[in-house]
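Thanks for coming. Please have a look at the model on the screen, and I will walk through a few of its contacts.

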Amino acid sequence: MIKVLLAEDQGMMRGALALLLDLEEDMQVVAQVAAGDRIVPAALEARPDIALLDIELPGRSGLDAAADLRDALPSCKVLIVTTFGRPGYLRRAMEAGASGFLVKDGPVEDLAAAIRRVLAGERVIDPGLAAAALSAGPNPLTQRERDVLTAAVDGATVSDIAGKLHLSQATVRNYLSAAIGKTGTRNRMEAVRAARQNGWL
């Protein structure tokens with residue numbers, strides 16, 4: 001029996017996935033969580049063979065939780081299942097140790113097959129997303145540029161960002177300028193939008 005952990009913040013989607021996977025003769029959903037910071041504790045308690053993680057979760061992103069899970073329970077495989085099929089997310093998921101990445105618009109039969117393939121040692125990646133990731137190239141932003149853009153998401157001022165990240169205002173301006181240049185945009189809000197669309201934040 002394949003033991004599955006589901007991490008999905010939308011209750012209806014989580015319940016439907018659990019119901020459908022439990023219909024598979026060789027699968028059992030042993031844990032369900034709605035927040036990213038609950039993934040590792042639930043996995044350590046339930047000991048699943050595979051964790052299906054959404055990316056956008058409250059508390060901690062599925063991408064960050066995938067890396068945490070790899071360290072805390074290396075025997076548990078990770079399959080990212082998300083609405084957000086962005087090349088940068090795929091790259092980050094693979095770097096975090098995920099064994100697969102699927103977009104939610106596929107049939108549940110594909111998900112069940114992907115789970116079996118991952119547990120057989122294969123990597124399973126949505127083909128369209130794989131092609132997009134190859135053509136998009138690596139994330140051009142440094143970690144610090146990503147931090148500054150993330151802090152700018154809600155329209156924070158340079159002074160607010162500097163205070164939050166313990167940087168000087170001049171340093172924040174330099175990081176913002178570099179991020180704007182690397183994203184080919186005109187201002188910080190466009191840079192945030194472009195970085196999000198590419199899955200770089």
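Leaving aside neighbours within four places in sequence, Met94 is in contact with Gly100, Phe101, Arg123 and Ile125, where contact means heavy atoms within 4.5 Å. Met94 itself sits in helix H4, residues 87-95. Helices here are DSSP runs of H or I with at least four residues, strands are runs of E with at least two, and both are numbered from the N terminus. Between the C-alpha atoms of Met94 and Pro48 there are 20 Å, and the two are 46 residues apart along the chain.

A word on the source. This is a predicted model, in which local features need pLDDT of at least 70 and side-chain atom pairs count only at pLDDT 80 or more, while totals for chains, interfaces and linings use all residues. Residues are numbered from 1 along each chain as its sequence is written, and side-chain values use heavy atoms, with hydrogens and water left out.

Now the salt bridges. One is counted when a side-chain nitrogen of Lys or Arg is within 4 Å of a carboxyl oxygen of Asp or Glu, and by this rule there are ten. In one of them, Asp26 pairs with Arg116, with the closest N and O atoms 2.8 Å apart. Asp26 is in the loop between helix H1 (11-22) and strand E2 (27-33), and Arg116 is in helix H5 (residues 108-119), so the pair ties together parts that are 90 residues apart in sequence.

Next, helix packing. Two packed helices are described by the angle between their axes and the distance between the axes. Axes are lines fitted to C-alpha atoms, for helices over the stretch in contact, and angles run from 0 to 180 degrees between N-to-C directions.

How do H2 and H3 cross? The axes of helix H2 (residues 39-46) and helix H3 (residues 62-72) come within 9 Å and cross at roughly 35 degrees. On the H2 side the contact is made by Ile39, Val40, Ala43 and Leu44, and on the H3 side by Ala65, Asp68, Leu69 and Ala72.

The other pair is helix H9 (residues 169-183) and helix H10 (residues 188-197), which pack at about 55 degrees with axes 9 Å apart. Here Leu176, Ala179, Ile180 and Thr183 of H9 meet Arg188, Ala191 and Ala194 of H10.
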